[in-house]
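Subject: Structure handover

Hello,

Here is the structure I promised to pass on. Please open it alongside this email; my notes follow below.

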Amino acid sequence: MEKNIKILIADENDNDRRRLADGLRRSGFHRIDEVQNGEGVIDRIAGGNYDIVIVDVWLSKLDGIGILRQSRAIDFGGALPPLFIVTSSISSQNIFVDAM
């Protein structure tokens with residue numbers, strides 16, 4: 001069953017990013033794009049009409065919290081902004097409080 005949801009994955013670790021994308025594809029999601037840094041996320045979501053953005057909190061050029069903050073200023077042209085899922089391999093309550 002194909003799910004028509006457009007997803008952007010942002011993670012600097014190539015293996016983690018590919019593993020997540022492969023798992024999503026096996027689950028029926030096929031509209032998946034990938035970026036390696038935070039600037040790439042901002043560039044993509046400004047014109048990409050993504051439904052979901054899965055972002056690692058530890059990215060170069062712009063971290064996950066910075067992405068969340070900058071995304072508030074983006075004009076999505078009447079479309080809904082994407083839903084963000086923030087991930088991290090390090091457990092830190094402060095990071096997740098900031099993300100909320």
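Start with phenylalanine 76. Leaving aside residues up to four places away in sequence, phenylalanine 76 touches Ile45, Ser71, Pro81 and Pro82. Keep in mind that this is a predicted model.

Phenylalanine 76 sits in the loop between helix H3 (64-71) and strand S4 (83-87). Its relative accessible area is 19%, so phenylalanine 76 counts as buried, the cut-off being under 20%. Glycine 48 is 28 residues away from phenylalanine 76 along the chain, yet their C-alpha atoms are separated by 9.3 Å.

Next, the cores. The largest nonpolar core has 18 residues. Leu8, Val41, Ile45, Val53, Val55 and Ile67 have the most contacts inside it. Two or more residues each come from strand S1 (3-10), helix H2 (38-47), strand S3 (52-56) and H3.

Now the whole chain. There are 4 helices and 4 strands. Along the sequence they follow the pattern β-α-β-α-β-α-β-α. The chain has 100 residues, and 40% of them count as buried. Among contacts with a separation of 6 or more, 67% join residues 24 or more positions apart. The accessible surface comes to about 6200 Å², and carbon and sulfur atoms hold 48% of that.

Best wishes

Definitions and conventions
Residues are numbered from 1 along each chain as its sequence is written. This is a predicted model: local features need pLDDT of at least 70, side-chain atom pairs count only at pLDDT 80 or more; totals for chains, interfaces and linings use all residues. Side-chain values use heavy atoms; hydrogens and water are left out. Buried means under 20% relative accessible area, exposed over 50%, partly exposed in between (1.4 Å probe, protein chains only). Contact means heavy atoms within 4.5 Å. A nonpolar core is a set of buried Ala, Val, Leu, Ile, Met, Phe, Trp, Tyr and Cys residues joined through side-chain atoms within 4.5 Å. Accessible areas come from the Shrake-Rupley method with a 1.4 Å probe; for residues, only the protein chains shown count as cover.
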